[in-house]
Amino acid sequence: MSPHVAPHLHAAEHVAVHLGVQPAQGLPEAEAASRLAQHGPNRLPEPPPRPWLLRLLDPFRDFMVLVLLAAAVISGFVGDLADTLVIAVIVLLNAAIGLWQEWRAEQALLSLAKLTPSHARVRREGQQRSVPAEHLVPGDVVLLDAGDQVPADLRLAIVARLRVDESALTGESATVEKTEAHLEAGEHAVADRRNMAWKGTLVTHGRAEGLVVATGGGTELGRIAALLGSAPVRATPLQQRLAVFGRQLSIAAIAICMAVFVLGLVRGEPPLLMALTAISLAVAAIPEALPAVVSVLLALGARRLAAVQALVRRLPSVETLGSVTVIASDKTGTLTLNRMAVREHHAGPAGDAALWRALLLCNDAAPAEGGFSGDPTETALLVAARDAGLDVAAVRAAAPRVHEWPFDAARKRMTTLHAEVDGTLTGLVKGAPESVLPRCPAPGDAEALAQRWAAQGLRVLAVARRAAGPADRALEADGFEQGLELLGLVGLIDPPRPEARLAVAECRSAGIRPVMITGDHPATGAAIARDLGIASGAPGEVLTGAELGRLDTPALAAAAAHTAVYARVDPAQKLAIVQALQARGEVVAMTGDGVNDAPALKSADIGVAMGRGGTDVAREAASLVLLDDNFSTIVAAVREGRRIFDNIRKFVRYALTGNSGEIWVLFAAPLLGLPLPLLPIHILWINLVTDGLPGLALAAEPAERGVMQRPPRPPGESVLAHGLWQHALVIGALMGAGCLGLQAWVLAQGGAQAAAQAQTMVFTALTFAQMAHLLAIRSERESLFTQGLLSNRPLLGAVALTLALQLAVVYLPVLQPVFRTVALGAGDLASCAGVALVVFVAVEAEKAWRRRR
């Protein structure tokens with residue numbers, strides 16, 4: 001059907017004329033074949049696959065990866081095959097992760113195809129036929145029954161008590177009552193087009209006939225597939241920071257190593273020795289363990305998150321959680337219980353008992369194991385009646401239903417007829433207040449009360465009764481539903497999760513702004529948002545899909561600064577909201593469960609899908625899956641993300657400071673007239689034993705105190721921010737000064753082995769100092785004595801192992817010729833430990849200064 005003709009705004013007969021079909025006959029087979037050739041098969045378009053060669057080469061375009069590969073080659077050249085092997089494994093592992101993530105993104109698009117049934121029932125040439133769903137064309141007359149999946153976008157022409165589950169498309173769990181009547185002119189969200197049935201949704205009740213108005217990529221589901229395919233995947237803040245850090249560090253390391261090489265030549269050192277020293281220093285200066293440490297930190301973080309019901313699908317997203325500045329959350333099931341409940345009730349003159357009895361009898365829900373089954377609203381009414389003291393089975397047995405006028409979307413009412421114990425008949429009516437109250441001669445103040453409750457976001461129902469006689473069964477519904485006695489009103493709502501209020505408050509204290517995106521009515525969304533503390537009730541906090549559609553990109557970005565609730569929004573608008581927030585510099589976490597959420601989930605910095613009620617499409621597009629569909633789990637995940645980034649910063653602080661110490665030693669020695677203080681093998685050994693296990697053990701460091709009482713890190717903030725690079729330079733210089741001081745002191749004493757002894761002491765002091773530094777930087781603020789040595793046992797074990805290995809290199813005769821070391825006396829060893837103690841005290845003094853600030 002032409003995109004310029006909105007089928008929901010026109011009568012079904014007009015739509016049929018426009019499509020060139022007689023609904024009673026359907027299309028001729030020849031015409032259907034012609035249209036199939038014109039429009040193509042009714043399936044979602046699939047993007048052409050990317051060549052595997054390009055996929056394999058993608059990870060190797062990263063600057064840091066190229067530097068690591070160069071370091072691997074150089075390490076092999078100088079004989080350090082262990083470093084070569086470690087670097088190669090790290091690079092290949094990163095490439096494999098990248099390939100897996102790209103494959104997983106493709107699965108999100110393939111999952112959409114599962115929402116299309118294989119066959120559909122149609123009327124062609126006056127006969128009912130079953131045809132492959134892919135062969136449907138615009139103008140086909142499709143027949144629907146309960147249990148059918150809608151095979152294309154349909155304009156409903158004949159409806160018999162049709163209810164459709166559109167949760168896969170809209171994310172809203174309540175089934176939708178359908179009608180064939182056309183809608184008034186104006187803007188109508190997809191969820192409000194009650195005369196349409198959408199491809200991929202499920203018929204839960206009733207039957208219908210509909211005209212195919214869109215197939216394949218032209219359907220609402222097809223539009224979502226196009227959005228999903230075009231939604232960009234942004235690099236995580238961590239990936240952006242590490243890329244910048246890697247480039248800066250690599251350039252600085254190369255410059256410094258060239259300077260060391262030139263200074264050595266000027267000093268008269270052998271060119272080959274200086275070349276090997278400069279190359280070894282270049283390898284040491286680049287913390288090639290960083291990708292491994294980051295991967296371990298993220299993997300352990302993912303394991304911790306699994307314990308709190310959050311399944312990580314994209315590993316870098318674990319850290320991204322710590323950078324989140326806005327959480328855009330779906331309402332139903334995430335912030336709320338996804339279970340309707342009666343919040344308010346008002347009984348008329350007949351009293352509460354008559355009200356609850358009517359709600360129990362005029363109700364299609366039924367008892368089931370563990371509760372009630374049926375429409376969420378009706379089950380909520382049965383729960384309320386039971387809680388009011390009524391026995392559901394006994395009341396229904398005493399007043400059996402003998403006739404009914406079912407609910408329909410035009411009347412907005414349902415009526416049931418019941419046989420009383422005394423032989424009389426009673427009619428009970430339940431429906432929308434605007435439909436029931438005008439039929440009650442004396443509604444009192446019920447209309448004003450209903451309006452007030454509706455403004456508070458409640459779904460309001462009016463309940464009434466009238467006496468009946470046997471002849472009334474022959475009446476039409478409208479004829480019977482007259483002269484009613486009002487029994488009362490009930491107001492229902494999907495209540496907020498009790499833990500969601502605390503989680504929202506924790507978000508606020510952590511500097512994170514929660515916003516709600518819902519397909520529900522604006523008043524309902526605003527009421528829940530106010531209840532939870534997401535909205536304050538100030539003007540301009542609620543933006544509807546219709547209002548959003550009238551905003552251009554700059555206006556939407558401006559509105560995003562203060563909007564707390566987005567209501568009645570479509571998939572493209574959800575994507576636009578995420579991109580508008582990102583344009584303002586926000587790091588956005590987006591939750592969702594429906595197919596309609598998938599493009600926004602993919603585009604968000606971190607997409608969070610629902611594990612219980614969510615669709616496969618949403619889960620494939622997301623980075624994180626909540627196994628309990630609970631908003632508070634997102635907040636727990638944010639806390640874990642912040643812990644992980646803190647520990648990554650600790651490793652960078654540790655590695656850079658150690659590398660800085662090595663550079664200071666080699667750079668300053670020739671300037672001070674000292675001989676080469678370290679051999680290439682010393683540098684590579686320190687790099688191997690100090691960067692490896694001790695650095696990895698930082699992954700087990702618990703969260704800092706007050707981790708959720710500070711604002712999120714700015715997205716553009718460097719990993720070296722908050723004095724980290726200054727710390728690395730100053731403490732590294734302190735390490736270098738201590739080591740060179742030992743060298744000068746030993747050389748001044750003289751002796752046959754003074755040069756070897758001095759090199760061994762510099763080698764050992766540097767290792768000891770780095771271990772002391774590691775213990776001191778476990779927290780950026782807290783003293784080690786406050787934390788306790790045993791609060792990170794893996795790290796303590798790694799330090800002990802590193803010290804043992806260093807002592808083995810110094811004292812084992814079999815290793816001394818390999819590492820050019822000599823055994824040190826107790827006094828020499830104590831001097832090395834003294835340098836380490838000075839470093840430890842300096843870092844503790846820096847932390848004490850931070851605490852006082």
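1. The hairpin of E1 and E2 has 2 residues between its strands, and within this hairpin Glu 125 takes a positive phi near 55°. Helices (H or I, at least four residues) and strands (E, at least two) are DSSP runs, numbered from the N terminus. The model is a predicted one, in which local features need pLDDT of at least 70 and side-chain atom pairs count only at pLDDT 80 or more, while totals for chains, interfaces and linings use all residues. Residues are numbered from 1 along each chain as its sequence is written, and side-chain values use heavy atoms, with hydrogens and water left out.

2. Strand E1 (residues 119-124) runs antiparallel to strand E2 (residues 127-132), and 6 bridges join them. Two strands are taken to pair if DSSP finds at least two bridges between them. Arg 124 stands opposite Gln 127 in E2. E1 also pairs with strand E3 (residues 141-145), again in the antiparallel sense, over 2 bridges. In E3, Val 142 is the bridge partner of Val 122.

3. Two further residues have a positive phi. For His 722, which is not a glycine, phi is near 60°; His 722 is placed in the loop between helix H27 (693-697) and H28. Arg 820, also not a glycine, has a positive phi of about 55° and sits in the loop between helix H32 (816-819) and H33. Most residues other than glycine have a negative phi. Arg 820 counts as exposed because its relative accessibility is 54%, where exposed means over 50% relative accessible area, buried under 20% and partly exposed in between (1.4 Å probe, protein chains only).

4. Aromatic pairs: the count comes to 4. Rings of Phe, Tyr and Trp (its six-membered ring) pair if their centres lie within 6.5 Å; planes under 30 degrees apart count as stacked, over 60 as edge-to-face and the rest as tilted. Trp 405 and Phe 480 form a stacked pair, with 4.7 Å centre to centre and 15° between the planes. Trp 405 lies in strand E13 (residues 401-408) and Phe 480 in helix H17 (residues 477-480), so this pair ties together parts that are 75 residues apart in sequence. Trp 405 is buried, at a relative accessible area of 7%, and Phe 480 is buried at 0%.

5. Phe 785 and Phe 840 form an edge-to-face pair, 6.0 Å centre to centre with 85° between the planes. Phe 785 belongs to helix H30 (residues 784-787) and Phe 840 to helix H33 (residues 826-852), so the pair ties together parts that are 55 residues apart in sequence. Phe 785 is exposed, with a relative accessible area of 66%, whereas Phe 840 is buried at 13%.

6. Arg 653 is found in helix H25 (residues 631-671) and counts as buried because its relative accessibility is 4%. Not counting residues up to four places away in sequence, Arg 653 touches Leu 724, His 727, His 773, Ile 777, Glu 780, Glu 846 and Arg 850; contact means heavy atoms within 4.5 Å.

7. Trp 664 lies in helix H25 and is partly exposed, with a relative accessible area of 33%. Together with Trp 725, Leu 729 and Val 730, Trp 664 makes a nonpolar surface patch of about 400 Å². Helix H28 (residues 724-749) gives the largest share of this patch, 3 residues. Patches are made of residues with over 30% relative accessible area and no salt bridge; like charges are joined within 9 Å, nonpolar side chains (Val, Leu, Ile, Met, Phe, Trp, Tyr) within 5 Å. A salt bridge is a side-chain nitrogen of Lys or Arg within 4 Å of a carboxyl oxygen of Asp or Glu. Accessible areas come from the Shrake-Rupley method with a 1.4 Å probe; for residues, only the protein chains shown count as cover.
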